[in-house]
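Please read the following note with the sequence and the structure at hand. It is written for a student who is new to reading protein models.

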Amino acid sequence: MIRLAAFDPDAASFSALLAESQSEGHRMLLRLAENWADGSNRFTRPGEIMLGAWSGDVLVGVGGRNVEPYDPYPRAGRVRHLYVAQGARREGVGRALIAAICAGSAGHFDYLNTNAPETAFAFYERMGFVRLVSGGYATHRLLLA
């Protein structure tokens with residue numbers, strides 16, 4: 001059973017997930033930790049959330065929703081720092097995180113962008129995101145309105 005709740009990267013359980021993500025060559029959780037520590041992104045603006053996914057007492061995934069920093073449209077949101085531990089993949093953790101990230105987002109945003117690694121394209125497309133061909137700051141978009 002997966003439990004989703006508000007998440008703080010200062011939690012001790014985050015270090016193992018951070019190390020695993022870096023061992024796979026991903027930098028998204030390192031950026032999350034750095035931005036949290038320096039205060040530049042704490043997911044506190046209207047419509048923003050940061051969630052953790054726990055299996056028992058073990059943190060097995062994280063993901064958040066921000067105001068889109070790269071898109072000038074004022075009602076653009078962004079899925080940020082989505083990562084699921086290797087041992088928890090294909091168990092619904094990513095789907096649960098995306099569902100929770102998207103829930104209630106239409107009150108703040110018209111769409112959510114993400115910049116996914118190519119290995120995650122199929123996942124996002126199964127979740128209803130559409131691939132953007134223009135490149136740049138986002139690979140996929142989910143229309144909310």
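The points below go through helices, aromatic rings, a pocket and some single residues.

1. The structure discussed here is a predicted model.

2. Helix α1. The buried residues to look for in α1 include Phe14, Leu17, Leu18 and Ser21. These residues lie on the same side of α1, because they cover an arc of only 100° around the axis. The face of α1 turned away from this buried side carries the exposed residues Ala16 and Ser23. The spacing along the sequence follows a general rule: an α-helix has 3.6 residues a turn, so residues three or four places apart point the same way.

3. Helix α3. Which residues of helix α3 are buried? In this helix, which spans residues 93–102, they are Val93, Gly94, Leu97, Ile98, Ile101 and Cys102. Their arc around the axis is only 160°, which puts them on the same side of α3. After the helix comes Gly104, which has a positive phi, near 75°.

4. Aromatic pairs. How many aromatic pairs does the structure hold? There are 5. One of them joins Phe7 and Trp54 in a tilted arrangement, with 6.2 Å from centre to centre and 55° between the planes. This pair links distant parts of the chain, since its partners are 47 residues apart: Phe7 is in the loop between β1 (2–6) and α1 (14–23), and Trp54 is in strand β2 (residues 49–55).

5. A second pair and a cluster. Phe123 and Tyr124 form an edge-to-face pair, with centres 5.3 Å apart and 75° between the planes. Both Phe123 and Tyr124 are buried. Elsewhere in the list of rings, Phe7, Phe14 and Trp54 are linked by ring pairs into a cluster. Phe14 has already been named among the buried residues of α1.

6. A charge over a ring. Arg141 lies over the face of Tyr111. The distance given for this arrangement is 4.0 Å from the ring centre.

7. The largest pocket. The volume of the largest pocket is about 930 Å³. It is lined by 33 residues, of which Leu82, Pro117, Ala120, Phe123 and Tyr124 are the closest to its centre. The elements that give two or more residues to the lining are α2 (28–38), β4 (76–84), α3 and α4 (121–126). Which element gives the most to the lining? Strand β4 does, with 7 residues. By class, the lining has 15 nonpolar, 8 polar and 10 charged residues.

8. His81 is not a glycine, yet its phi is positive, at about 60°. His81 lies in strand β4, and at 6% relative accessibility it counts as buried. Arg90, likewise not a glycine, has a positive phi of about 65°. Arg90 is placed in the loop between β4 and α3. With 80% relative accessibility, Arg90 counts as exposed, because that term requires over 50%.

9. Arg126. This residue is placed in helix α4. Arg126 is exposed, with a relative accessible area of 58%. Ile101 is one of the buried residues of α3.

10. Val130. This residue is in strand β6 (residues 130–131). Val130 counts as exposed at 52% relative accessibility. Val130 and His140 are 10 residues apart along the chain, and 5.2 Å separates their C-alpha atoms.

Terms used:
Residues are numbered from 1 along each chain as its sequence is written. This is a predicted model: local features need pLDDT of at least 70, side-chain atom pairs count only at pLDDT 80 or more; totals for chains, interfaces and linings use all residues. Side-chain values use heavy atoms; hydrogens and water are left out. Buried means under 20% relative accessible area, exposed over 50%, partly exposed in between (1.4 Å probe, protein chains only). Helices (H or I, at least four residues) and strands (E, at least two) are DSSP runs, numbered from the N terminus. The arc is that of the directions from the helix axis to the C-beta atoms. Rings of Phe, Tyr and Trp (its six-membered ring) pair if their centres lie within 6.5 Å; planes under 30 degrees apart count as stacked, over 60 as edge-to-face and the rest as tilted. A charge sits over a ring if NZ of Lys or CZ of Arg is within 6 Å of the ring centre and within 35 degrees of the ring normal. On a 1 Å grid over the protein atoms alone, a cavity is a set of points where a 1.4 Å probe fits but cannot get out, and a pocket is an open set with protein on both sides within 12 Å along at least five of seven lines; lining residues have an atom within 4 Å of a point. Grid points are joined across faces, edges and corners, and a volume is the space filled by probe spheres set on the points. Ala, Val, Leu, Ile, Met, Phe, Trp, Tyr, Cys and Pro count as nonpolar, Asp, Glu, Lys and Arg as charged, and the others, Gly among them, as polar.
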